[in-house]
Amino acid sequence: MNVRGPIVSVEDTRTVSTSYGDRELREIRIRPERGAADPVRVTLWGKWAQTGEHARIGMELLVTDVEVDEFRGETTYATTRESWVVLEPDFLVDVTGIRSWVQCPRMYYLNKLSGIPLNYPVVKGTIVHEVFGDLLRGVDLEESVTERVAEAGLDLGLLGYDAAEVEDEVRRNAAAIEGWLAQGTLTDEDTWRSEFTLISPRFGLKGRADALRRGTPVELKTGKNTNREPRFHDKVQAACYALMLEERGEDPDIGTLLYTKNTALDRNEESGDLAPAKEFSVGRGFLEFVVRERNALAAMEWRALHDAANDDAPDVDTVDDDGGDEARTRPTVPTGYEADAKCQFCFEQDTCMVVSGRLDQESKAGQVGRPVPDEELVYFDRFYTAIEEERRETHAEYRKLWEQTPAERAADDRALIDLEPLGKTEISEARWELRARKPGDAVSKLREGDVALASDGDPVGGHAELVRIRRLGPDGEVVVEADEPVTLRRLDVYPSEISVDRMLTALHDAVLKGDPDRKDVIFGRREPAFKSVVGSGAAGDADLSDEGAEPVYIDNNASQNAAVDLAVRAADCALIHGPPGTGKTYTIARTIRALCERGDRVLLAAFTNRAVDNALEALRDQGFEDVVRVGTETGVREDMQDVRLRTRGDPDERAAELKTAPVVAATTAACGSRVLRECEFDVALVDEASQLTEPSTHAAITLADRFVLVGDHQQLPPVVRAENDLQRSLFERLIELYPDAGVMLDRQYRMSQRIQAFASAEFYDGALRPATPAVAGQSLTDLGVAVDDLPEELGHGVNFIDPDGRRDGNRNVREAERVAEIVASYIKAGVDPDDIGVIAPFRAQVAEISRRTDVTVDTVDRFQGSAKEVIVVSFVASGTLDGPIFDDYRRVNVALTRAKKELTLVGDAAALASDPFYRRMLAWARR
């Protein structure tokens, strides 16, 4: 029997006499049934009492295999020899994090902040791991080494390494693997699986094991170890995988560490045990130790978010808004005193001391340097907490993998279930193509190019592999690529923490490595500076007919020209506010050209791949071709593949291509990669900046001396799960702080006057206007449509129709039927189906409408950045506007501004009239 619930009280540890001698215990009270039941007492015996030292009121506690007893009429629980005690089991700790934590908790924290660097040991280790997987699949060693080193060409080139030199070193390391595999240690009964994804709901663990052999973990280490035993922290890592395998019903009694560098050592110069493979026993006592360490880590992460609220964490003096001193509680982070680490022998000692000094944190290693200013400490702590809250929300998504039934996952658009497997094809010696067919008209959040979790039907307890989606065909066919074959019966959204990790690294780089002048602007210590009118030598091909006059970059749009000029003259930053249809992408391209003409190297970044490729298309349309696109093959648009940076090939050639390109284009997520973090630019131009969190924006702008942010804070906000400071973009904050550093593009080329009027009045103070009379007066007749052939309620530029439907969950069947009828009417009157788009707030309604029409139907988020001649909007709601999606009017702004010539709104008039904003929208639509 297991007991689980939030902790309501924690008693002190005490020692009692038992028939087994003196034993320690700690009593904790929890509320079972997720806090719904009355409190019960749980006694933690022996070393499990140590976990009680980390317990705090409010934490979740799980105790398995408890003994049940009655004491004075109260049912009590106690640990037994078979019990496991887990704090915060819903917080999934990564196995590599526990390995770092056991070495030193402070090292774990530093690794979180700084991310994975681009250095040779990391790159070589990745290559050797890939070769290991190839050898397990039966690939020839020489073939594998050559191929894998070639794949790492870009990384090696940036580090200055020669391919032949690396091949030789990898070959010597791989010889340890090949030799061990050929020793006869393995038999025909051995079953191998490499890079195996594991998730443990019981122990709160996740990770990717290097390999499994007959149900036991094998971990690869590219360093040396001449001792007979594996290194302790390496054993801890392997033991974590053993725990997760035990939860799956395996009985791993040993773990194996392969130290590949041992075979490259000269026996005449090295002493000790040079055998690469070192096994160790996976005993119950060691596994319990690992769980206790995992609990200590999870407890620290919980305290980082909760101690500030409880005033248990250290204070720092800051200055409040009125100029007075106030004490501020800081997040709890590891100090290094939690472990018996020897700082004098640690290779991270200098980094630890610098970070501790700059962030004014206690550290066992000590401090070096002066702390950053108080406002930067406040900023760092605030966003560190916000990012960790976002991580918790990501973990809540993991939890749904096992808490929700398959049907609930599917209904929540988080999975495609009941797939019919169609086959597996080995497309290379290290990749498999898996095909299946989805049932009926099943829909989900999954999109082509996404990384997802493919499984045999059970993503947690069965066989699951991380895959990349290659195709989601209209015929229902699903095609994915994987490293290992799996019977494809289910495909789940996989909540990656990469974005969270990269936000944290970007925050670290911005505060600790950021340019002091830029930080003065970002933290409000001075106004952004701008140069005077640019001289002819710096203005390139801009028109400078009048001496001393503002250069003319765009001669037919004053606001666009002003935006380019402001960006070129910016000494710190410039802000371009681009409402819908205002030629933002064209302006971006012209700005980049102007910057490059004056000799600047430019980083072009955006939140989405689509925006990056759209900007590149505009740039190339203007005759500028000297660009490099950083991204995956599936992420980059087909017509931009010719400029995509290949990572495979000659190291010098690959590195030179990146280093010498005057324009490098990438998503802001890619800007946080270890490759782009090594690059430097004169200017970073970031599109969709209003959709980015502040830390995500830092990932791009920290790489450059100056930056230009382009966005519209009246459209979609940053995409985050947590409700905190991440919901506001740096663009929005700076444009409100420094209005004179921004230009709004005020002439739009998309919508008719009738369609744009409401958005202009509601969101842009009436400043948005059609660029030309032709734009203002456009209508369906321009498409050759006979408006008289349309039903009476259509054809007026903007229309409203109440279908008298009823909302059922996130769908409204009658409204979907009416939308389909409206679409059919437009097509019958002569509108091309490709010119019609339908927008709905929920994916369930998207699916309901898609069953009834073949035109493009999608959510607001997916329609951002695109437009159609005719747009139909389904609001779904009836009776009341229930749900946060209706509270953010910016989403409605996006929906209303996708149409060029005709916009039809479909919804419950009574529900919409219950809110003042929607009531004004109704009045406009019915005008």
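Colleague: Is Cys-240 buried or exposed?

Modeller: Cys-240 counts as buried, because its relative accessibility is 0%. Buried means under 20% relative accessible area, exposed means over 50%, and partly exposed lies in between (1.4 Å probe, protein chains only).

Colleague: What kind of model is this?

Modeller: This is a predicted model, where local features need pLDDT of at least 70, side-chain atom pairs count only at pLDDT 80 or more, and totals for chains, interfaces and linings use all residues. Residues are numbered from 1 along each chain as its sequence is written, and side-chain values use heavy atoms, with hydrogens and water left out.

Colleague: New topic, the open sheet. What is the strand order?

Modeller: The order is β26-β27-β25-β28-β29-β24-β30, seven strands with parallel pairing. Strands are DSSP runs of E, at least two residues; helices are runs of H or I, at least four; both are numbered from the N terminus. Two strands pair if DSSP finds at least two bridges between them.

Colleague: Which strands stand at the edges?

Modeller: β26 (627-629) and β30 (742-744). Each has a single partner strand, so one side of each has no neighbour in the sheet.

Colleague: How many bridges join β24 to β30?

Modeller: Three, and the two strands run parallel. β24 covers residues 573-577. His-577 stands opposite Met-744 in β30.

Colleague: On to charges. How many salt bridges are there?

Modeller: The structure holds 83. A salt bridge is a side-chain nitrogen of Lys or Arg within 4 Å of a carboxyl oxygen of Asp or Glu. One of them joins Glu-397 and Arg-414, with the closest N and O atoms 2.6 Å apart.

Colleague: Where do Glu-397 and Arg-414 sit in the chain?

Modeller: Glu-397 is in helix α12 (residues 374-403). Arg-414 is in the loop between α13 (406-411) and β17 (415-416), so the pair links parts of the chain 17 residues apart. Both Glu-397 and Arg-414 are buried.

Colleague: What does Lys-235 meet in a salt bridge?

Modeller: Glu-229, at 3.3 Å from N to O. Lys-235 is buried, with 15% relative accessible area. Glu-229 counts as partly exposed at 42%.

Colleague: And which ring does the charged end of Lys-235 sit over?

Modeller: That of Phe-286, 5.5 Å from its centre. A charge sits over a ring if NZ of Lys or CZ of Arg is within 6 Å of the ring centre and within 35 degrees of the ring normal. Likewise, the charged end of Arg-284 sits over the ring of Trp-84, 3.8 Å from its centre.

Colleague: Last one. How many aromatic pairs does a search of the whole structure find?

Modeller: It finds 22. Rings of Phe, Tyr and Trp (its six-membered ring) pair if their centres lie within 6.5 Å; planes under 30 degrees apart count as stacked, over 60 as edge-to-face and the rest as tilted. Phe-286 and Phe-289 are stacked, 6.2 Å centre to centre with 10° between the planes. They are three residues apart in helix α10 (residues 284-310), separated by about one helical turn.
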